[in-house]
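Subject: Handing over a structure

Dear colleague,

I am passing on the structure below, and after it I set out what was found. Please read the notes with the model open beside you.

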Amino acid sequence: MQEPHPQLDQSLGKPRPMRFSGLTSEYFGIWLSNLLLSIITLGIYSAWAKVRRLQYFYNHTYLDDYAFGYHAEAIQILKGRVIVVGTLILLNIAASFFPVIYTFLIIILFFAIPYLINLSLEFNAKITSYRNLRFKFSGDYWEAFLTFQIMPILTVLSLGLLAPVAVKKAFGYVYNNLSYGGKHLTADLTYTLFYLMFLKVVVLPILAMLGLVYITTAIQLNLDGGIELGMFILVFGVYFTILFIFVIYRICCLRLVFNALRLDSYMRFSNTISSTRLLWILFSNLVAIVFTVGLAIPWAQVRKSRYLCDNIQTQTNPDFSDFIGTAQKAQSSIGEEFADFEGVELGL
Amino acid sequence: MIRGKYFAPASAVTISAEYDWQNKQLILSTGAYIPMCVESFQGRQIFFDNGASLVADTVLPHEFIDTQHNKVQRGIAIMELFSWRNILFLVMAFIALILTLRIVLVYAAPITVNLIPLSLEREIGELGYNRINDMHFEPSRIELDKRLDIIEMYKELHRYSQVETRPELFFHSSETIGANALAFPGGPIVVTDELIQKLDKPELVAAVLAHELAHIEERHSMQQIVIVSGSLAIASVIFGAEEGISEDFLAAIVNLYAFQHSQSFELASDAYAHQLLMKAGYSPSLMAEALEALLHETSDKSETLWFSTHPAKNERLDALEALTLDSN
């Protein structure tokens, strides 16, 4: 599936791919040291490990001739982590022993999550630098509340029909509120594109799968015997198909976003990411990780980053004199650590 | 000297420059000298304390990095350097650490459990019992006389055990659980009708009860909770921030480990039951007989031991036989 390529702006330079210069051999040592020191220190070092790992990846991700910088302080991450883990333990205790208080806490958490998501996005933007300037995220609580709490509920209530709206809103929220050097990033996303993609990548394959399930079950019933094995294969088949659909859907969303992203009139993104190729990379990564008991993780991460960077192109205006940095003030990492622990993934 | 592109504070515009890190001054291509102190560096980027930065044209020189690192950072940097010898050493250290952690956890579990008040344990047991009672238990249909016989023997066994307050003993019929006996943390103990029917002699039921009493006296459930949550806590803190390892994968490994551990609890309880039966004046071979009767249908080969909370039948019977030989 190939989305229409965005209009290439002639005033900008030629499209150039981003570049990832990290090496598996280099990163392997960092990864293993991180793991080892984290275990020796019973997890305390993991905050430093996170900084070390992300710094390596940011420092090796090049846009034009410059790499990104990562500026989180490990101590800050550690504090955030302690608070988040403490809260989660308290929540678990409350869940088992004080159901009333637990319900109350869950309601509070429901309203706190948009705030935490904003904190996380602000934190991640602030600690990312490019050409000496930091990114900035300015979100709005109620917009985040609508995007991350209300829309998922509406999606379920509409039996998935509103899923493209929810996804488009989420991506829009994350990217349209980002700015760099005083200029806004914009993702010109349309509902039509998201609905078309949803139809192609999710609805049609699921209908096809259901048809197949119907036919196989009918054959099974006629054949008698061997039903148990047949059911087993069927359940696994359905499970993996849904997993594949989910991953491809995510990849396609990424492609839509990186075709629509621009930084004011100074930079445009486009991409040549192939869903099947990326799917293959992710899947073979997983197999390699399982078969090497985790030792292939550094290789897998480097491989994925390299593919993504090689297939995201930018056209840039060479004049950066219009970009102005703003003063930095300290930012809490609680939101970011919360998102980390709850496995919230927010674009990028 | 480090040659590169200079960015003035709050600016994204580049100027060619050189940084003389020994004398802490920046020399612009225009010839101007600016004194500047390094705040941090990463990759090829140097960040100065006034908000300016320099991107070096090549990799930062080792001499410069050395002066910026403290002892600990220097040590870590050496560790991170790729060489086969280094990697081999790290992998060995990693395996040694995991093994140590495993041993420490096993020894720490009983100590930690001692810190947990018995009242809390009983509360957990009751909660667990109530939950399973609602879902899986029906009232017992065993005749009252038979039940009273078993209760008498149970009281007798308890007298010889170290458990202070006698855990309650409940009889239930349960289709889903089948022939089984369960000890909840701190009590109660539940015996199913199916178990009593399968072990026709009440003495054999008593042997099973002795085994369950051992679980309660040694607080095995609590130890199991401590070990599982301990391993999960350590594992999730270590791998938590590491992408690429799914939580399910992690939980599967921890569970596998917990299962292994649970097997050792079962063997310990068998041995304890053997002792307790002797003390109370029963034949110590009752435990083996009960096991034989209960596990009669399970062929030993078919068991996938790695995924089982209980050891293989033969292993348990062999262990009991060894005990009998010892006591004789």
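This is a predicted model: local features need pLDDT of at least 70, side-chain atom pairs count only at pLDDT 80 or more; totals for chains, interfaces and linings use all residues.

Residues are numbered from 1 along each chain as its sequence is written, chains are lettered from A and ligands numbered from 1 in the order in which they are written, and side-chain values use heavy atoms, with hydrogens and water left out.

The interface

On the side of chain A that touches chain B, H1(A) gives the most, with 15 residues, and by class that side has 27 nonpolar, 16 polar and six charged residues (Ala, Val, Leu, Ile, Met, Phe, Trp, Tyr, Cys and Pro count as nonpolar, Asp, Glu, Lys and Arg as charged, and the others, Gly among them, as polar). In total, 49 residues of chain A are in contact with 44 residues of chain B, contact meaning heavy atoms within 4.5 Å. The area buried between the two chains is about 3800 Å², of which carbon and sulfur atoms give 65%; buried area is the accessible area (1.4 Å probe) that two parts lose on being put together, summed over both. Within chain A, it is Leu36(A), Ile39(A) and Asn132(A) that lose the most area to chain B, together 18% of what that side buries.

The rule also finds one salt bridge across this interface (a side-chain nitrogen of Lys or Arg within 4 Å of a carboxyl oxygen of Asp or Glu). Arg52(A) forms a salt bridge with Glu80(B), and their closest N and O atoms are 2.8 Å apart.

A sheet in chain B

Chain B holds an open sheet of seven strands in the order S4-S3-S2-S1-S7-S6-S5, with antiparallel pairing; helices (H or I, at least four residues) and strands (E, at least two) are DSSP runs, numbered from the N terminus, and two strands pair if DSSP finds at least two bridges between them. Strand S4 (33-35) and strand S5 (38-42) of chain B stand at the edges, each with a single partner strand, so one side of each has no neighbour in the sheet.

Four bridges join S5(B) to the antiparallel strand S6 (residues 45-48) of chain B, where Gln42(B) has Gln45(B) as its bridge partner and Phe41(B) has Ile46(B). Two residues lie between the strands of this hairpin, in which Gly43(B) takes a positive phi near 55°.

With best wishes
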